[in-house]
Each structure stands twice: as structure tokens, then as C-alpha cells.
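Please read these notes with the model open beside them. They are written for someone who has not looked at this structure before.

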There are 2 protein chains.
Amino acid sequence: MARARTSSGKVRLTEVAKLAGVSPITASRFFRNPEALSPGKRERVENAARQLGYVPDLAARALASRRTEVIGVLIPSFTNNVFSDVLRGIYDGSGESRYSIQLVNTHYSILQEEKLLRLFKAQRPAGLVVTGINQTDESRAILESMNCPIVQIMELGPDPVDMMVGFSHNAAAFEVISHLIGLNFKRIGFLGARMDPRVQRRLEGYTDAMKRASLYDPRLIITTPVPTSVTMGGTLFADLLMKAPDIDAVFCVNDDLALGTLFECQRRQIQVPEDIAIVGFNDLDYMASAVPPLSSVRTNRYDMGKTAIAMVMDAIEGKRPATPVVDLGYELMIRRSSAPRRA
Amino acid sequence: MARARTSSGKVRLTEVAKLAGVSPITASRFFRNPEALSPGKRERVENAARQLGYVPDLAARALASRRTEVIGVLIPSFTNNVFSDVLRGIYDGSGESRYSIQLVNTHYSILQEEKLLRLFKAQRPAGLVVTGINQTDESRAILESMNCPIVQIMELGPDPVDMMVGFSHNAAAFEVISHLIGLNFKRIGFLGARMDPRVQRRLEGYTDAMKRASLYDPRLIITTPVPTSVTMGGTLFADLLMKAPDIDAVFCVNDDLALGTLFECQRRQIQVPEDIAIVGFNDLDYMASAVPPLSSVRTNRYDMGKTAIAMVMDAIEGKRPATPVVDLGYELMIRRSSAPRRA
DNA sequence: CAATGCAGTGGTAGCGCTGTCAATAATCAT
DNA sequence: ATGATTATTGACAGCGCTACCACTGCATTG
């Protein structure tokens, strides 16, 4: 016997089909591929669904179709401004689509990442967005066995699991240092916190540029595994001043450190850029407002999220991108904090 | 006929049960309520599950049990630092639990919120976290019909849907202004951006305090519906200076505006706090580092997220909190930017 | 004009799990 | 020792939807 409406008052597909005078299968098709219906039935189903306020049951759909409409997103931190922009892009890009985002935090741990990937695999996500290219071998194997579109974001590398959206942190840092060297700065300090893989690559870019100009000196490099903050910027800078009092410029791996450095300079009456130049990374809003305005590297974080999720969604629907690796680039924003040095 | 292992190679509960020598139902119970099994079978099922690498199929579980282990979270913005802290609390608090977070962005639109609530309702979430207390009547009705624990966060109000975690924005602003008035500041400006309900309440607190001291003057209030940013802080402050050149203090509804104001003061050679005092709101990390250190209102954003999600999870499991409304309070962080006025 | 193709539609049979309730075994009170 | 109660377990019948395949009727083809 046909079941009456379910106890929870939920409208089922069967009821929609009955009202529209079609079979449940036809009604089901309407929601998945309306083009397949004849215009008449399409309209009838549409009206019936609206009239009854029908909303498909995702659990039943997932069970019956053996796939979900969930896109998993693994990011290493919520604290970081960088990721909040990426996330905004991801959520904006997926907001009106049928896909929902399942967000998890790896806390910068590749073991945690591996564990989360295992969990994701069991739920057969429709697609996946993972941060970075430094997965464990095991994680890599899981990713390759997942049989769904995957985008690695934040950076680029030689061997994508599937697709990639990012930019070269190494090249960006190299360019920053080259810019400073071109302006005749010689004792250029490096401040780094957290030291995740992206930050490591910026350090490599710094090191390459300094060595190439024969300016490399390990005493100029101050790093800490501790998470980044404005306060930490001041602390690291103070440390740098102690170890290398003759510095004439500082490259900070992110803008928080740069702002902390600026404040520390103000506190010590150090003139920026006359005494010391400052360059940050990411170009957050406040860099242009600071006094003096702080140079930085503009990165396309929002676009990165938006592009990545669009690529995943397209790939799920069979539209593979022409180029699986997208370089979103970066832009040096030169401001007064790294103005040319007086002679 | 009993199905062989599913094509995708997925291990089903049936296989676990067979290996353990129990019925599927008993195996199922092991995952939901291990206490109900006799110790012997419990161990047998546990071993079998581990041996086969069994992971339950959440879609099937949701369909069969007519409920999910998804907690919906509605927030109005990803851009805002405030919400990234709240989210961190929510994700940290739920990370090791069985529940997963389904995050959606209302973009500060109560209509969007209503639409999203309708969607959530159809998916029968186990619990819900919603931002604020300004829902539409329709949203309110949906919430009340949802039959799951619900926590409203960010602020407090007289008529909770279910539970609440927040603090009084009105009281916090009132206290800030009282503090400034007590320090003999008289022409206290108000800078507000975005003007969401929480910010409106801060404006009310400001207005109350100013009126009570007979210092109220609408020309001191500068607001914009545009989203907040450090740059916007400078712009609004410039506007305020034009309209009320005699101000001696500024209360900014958030720290970004306060930082922008500080930079604008630096640009114009206005001494803080000698010429103009500044107080922000939220006490982000950089407030204490700034030069001079900026006063602010410390809010417990991370705890708010963590408390809210804990309350929801407990309530789902039948442990209703003793007090459904939790006031997390705030703390005035008085720093040099609002130092006592010279006589 | 029969053979062929194909868009449109429907029937059957589950997807993997759990709610419900009945059945059994073990324990208890009288 | 008897019936009553409790702990443990299992059988059945779906949850709401869709994959798969078969079928219809109409247009196209040689």
C-alpha cells in the first residue's frame, strides 16, 4: 500500500509526481536533468513541486545515487586572514550551486590531513579542495584513489594530483628581494612565523635572491614556529635588531608581521623607510592605509578560492578545464615603506 | 540473495556483522550505543570493524534514522575577523565529535537567512547555530518548528528561540562612553560601518551614555552601510573631523576603524591621545601593539563559538544546559589611546 | 513500407542503514 | 518453584530516492 505523507510532514517526490500526474522517476529526472523532460511535463512537475514546497532529501539522493553533492575543503587554519579570503571565494563560488561545502581544519598537520582525507574518502565527496602540495605519501595515495576532481590550492608544483590553482611564493619573495636590492638595500632581514610550506618557499626565494647578490647572511633571518600575529612581528623585529643592528630593510612573510614591525619602528623612533624599509606579503587592506603606506605582495586569495571551486564544480559536471594548472600570479605593491634609498 | 561486497569496494555493516558473528542490527548498535552490547560481542564487533576498515555510510544512516549528524551554522560574513574567531571556536569544539558543521553565509541579509533556514529544515539538522536575534517572523517560525537544539550567538535578547550565547553590545558601548566621559572627554565621535544589528546596538549604547551626560550631538555620529575596513576608518574619521572639528575622542565600532583612525591621525599629525582619544571594539591582536596602544573592548569570540557548539551538542544528546542563556561578557581594555585628559 | 533510431517515460529493485517490536535468555521477587 | 522483570539480540520493513533497463510512439531511412 502506498504510504501516506510521512509523519514529519515532509513532502516526498512521490507526492509531487502524483500531483503532476507523472511517475516518480520522471519527477526525479526533473530535478537532475530538466532538459530530458518534455516541456509540458516539465512545467507540470515544476508547478507541483512549488505548490507542495518540495525539497529533495539529500540523504536519500546520496544513498540511491551512490554519490554526494558535497565538496570537501581542507585548510590548515582559520585564524589566518589569508584563508578567510580563500574561504569567502569558495563559499561565494559555490553558494548558488547544488553543491555544499564540507570544511575541515588540518591545523597545519599533514597527519591530521591524512586522517581527514580518509574520512572524506568514505563519504565519496563529489570533489575536493586541498591546501598545498606537501601531502604525505599515504595522503597522496588516498587522493589518487578518490575518483573525484581535486584542486590543490595556494601554491604551484610540478606534479599535481589533478588540478591546481596558486602562485609561486618563491618567485614572489625573490622579486621582493630583487626590488629591494635594486633600490640599493643591502642588509635585508627576513622575518617569518609559523613556517608552513608556503612560508618556507618564501624563505627560499629570499635566500636565492640574497645569495645571487652575495648579500646572504644567516644572521639576517629570524623565524619562529609560533603562529603569526602583529605582536609577534614586533618581537621578531626586536630580535632581528639585536642580532643584526645594521639592517636597512625587512621582508616580512606576511602583513601582520610587517605591521608589527612598523609599530616597533614607531616605538623606537626608527624612520620608515629612511632608516629601515619594510615589505610585507598578501597586501591586506591596512597596508595601504598605514603611515607610511607599506609595500606588500598582492595575492589573489579570493579569486583563488573562487577559481578552485569553479574548477571542481565544472570538472564534476564533466567540463575539465583546458589547463589543469592555473597560476593566479601576484603583484608587487610598492609603497613608501620601500621607497628608494637616499644615496 | 545476499549481495556481495558493493562494487565500489566499500565495506558494509553486514560484512562487519558477519565477520563478528552477530546480526547487522547488533553491529549497528555497536556504533550508536556500545553500552547496550554484552562485552563479548562488543569486542568482536569492534575487532571486525577495525579489521575491515569499516566506516559507516552517513547517507544511509541519515536516511534510515531520519536524522543527521549535521549542525548548521549561519553567519553573516566571512570577511569579518570577528566571525573567523567564532568559527574557529565552533570547528575546534566540534572537531573530535561525531557531528559535522554545515556552514552558510547569510551576507547580512535576513531574507537570505530565511531561505537558508528553509533549506536546513528540509535536511533535518541535528542542531543549529544562528547569528543574532533579528530574524524575520517567518525565520522565527521555521526555527521554532525545527525540533532541534538551536543557539543564537553574538548577542543577547529577551526572547531566545532556544539557547543563547553572547554579550550586551549596548552595555559595552555604554561603558566605553562612560569611561571616556569620566576622563573628561566631551565631544566624543562615533564611527560606524556596515551597521548590522550588533553595531546598531553599540550606537544605542553610545547614544544613551551621551544623552545621559547631556553631551549628545548627532553631528558627532558618522556611519556608513558600506562594509568595514581600515581604509574606511580613515575615511570616516576624516569626515567626522570635517563635520565636528572640535571632537576630543572617537569611539569606533570595531578595531579596523580604530586602526584606520589612528593612521589618519598620524597622517594629520594629530596626537593620540593628547588631541584625540581613540577606542575600538573587539580587541584584536594589533590593538595592544599599536603606537600608542589602542583601547578596545575585549570580546570572547572564540569562547562564544566553542560554548555555542558545546551547548548544541550537549542538547542533542539530551543534556540541556542549566541556564539556556549564557552571557560571556566583555572587558574594557584601557590603553594609552584613551589616557586621562590633561586638565 | 518495414527497419531503425531516439526522445520520452515508467517499472523494478535496490542504495546501507536503523526504528520498531518481538523473542529469547538471564535475573529477580515472592 | 513460579511468574515477572530486565538485558540482549534478531527479524522485518522500510527511509526517499535513483540506476538500470525496457518500453512506447513518432520521425527518419533505404
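1. Basis. This is a predicted model, in which local features need pLDDT of at least 70, side-chain atom pairs count only at pLDDT 80 or more, and totals for chains, interfaces and linings use all residues. Residues are numbered from 1 along each chain as its sequence is written, while chains are lettered from A and ligands numbered from 1 in the order in which they are written.

2. The six-stranded sheet. In chain A, six strands make an open sheet with parallel pairing, in the order E2-E1-E3-E4-E5-E11. Strand E2 (100–105) and strand E11 (325–327) of chain A have a single partner strand each and stand at the edges, so one side of each is left without a neighbour in the sheet. On average, neighbouring strands of this sheet are turned by 15° against each other, direction ignored. As to terms, helices (H or I, at least four residues) and strands (E, at least two) are DSSP runs, numbered from the N terminus. Two strands pair if DSSP finds at least two bridges between them. Axes are lines fitted to C-alpha atoms, for helices over the stretch in contact, and angles run from 0 to 180 degrees between N-to-C directions.

3. Strand E1 of chain A. E1(A) pairs with E2(A) in the parallel sense over six bridges, and A:Ser100 in E2(A) is the bridge partner of A:Val70. Strand E1 (residues 70–75) is also joined by four bridges to strand E3 (residues 127–131) of chain A, again running parallel; there A:Val73 has A:Val129 as its bridge partner. Is E1(A) mostly covered or uncovered? It is mostly covered, with six of its six residues buried (20 or more other C-beta atoms within 10 Å of the residue's own; exposed means 12 or fewer, partly exposed in between, with C-beta atoms placed from the backbone). In a regular strand the side chains alternate between the two faces of the sheet. On one side of E1(A) the buried residues are A:Val70, A:Gly72 and A:Leu74, and on the other A:Ile71, A:Val73 and A:Ile75.

4. Strand E8 of chain A. Strand E8 (residues 249–252) is covered on both faces: A:Ala249 and A:Phe251 on one side, and A:Val250 and A:Cys252 on the other, are all buried. Four bridges link E8(A) to strand E6 (residues 188–193) of chain A, the two running parallel, and A:Gly189 has A:Val250 as its bridge partner in E8(A). E8(A) also pairs in the parallel sense with strand E9 (residues 277–279) of chain A over three bridges. In E9(A), A:Ile278 is the bridge partner of A:Val250.

5. Contact between the chains. How many residues of chain A are in contact with chain B? There are 36, and they touch 36 residues of chain B, contact meaning that C-beta atoms placed from the backbone lie within 7 Å. Among the elements that give two or more residues to this side of chain A are helix H4 (58–65), helix H5 (81–94), E2 and helix H10 (230–243). By class, the side has 18 nonpolar, 14 polar and four charged residues. Here Ala, Val, Leu, Ile, Met, Phe, Trp, Tyr, Cys and Pro count as nonpolar, Asp, Glu, Lys and Arg as charged, and the others, Gly among them, as polar.

6. Symmetry. Chain A is superposed on chain B by a rotation of 180° with 0.2 Å of shift along its axis (RMSD 0.3 Å). That is the relation of a two-fold axis. Copies are superposed by least squares on the C-alpha atoms of residues with pLDDT of at least 70 in both. A:Ala59 is the residue of chain A that comes closest to the rotation axis, at 2.3 Å (C-alpha). Of the interface residues of chain A, 94% are also interface residues in chain B, so the copies meet through the same surface.

7. Backbone details. Most residues other than glycine have a negative phi, and most peptide bonds are trans. The bond from B:Val272 to B:Pro273 is cis, with omega near 10°. A:Ser214, not a glycine, has a positive phi of about 55°; A:Ser214 is exposed, with 8 other C-beta atoms within 10 Å. Helix H13(B) is followed by B:Gly318, with a positive phi near 90°.

Methods:
Contact = placed C-beta atoms within 7 Å.
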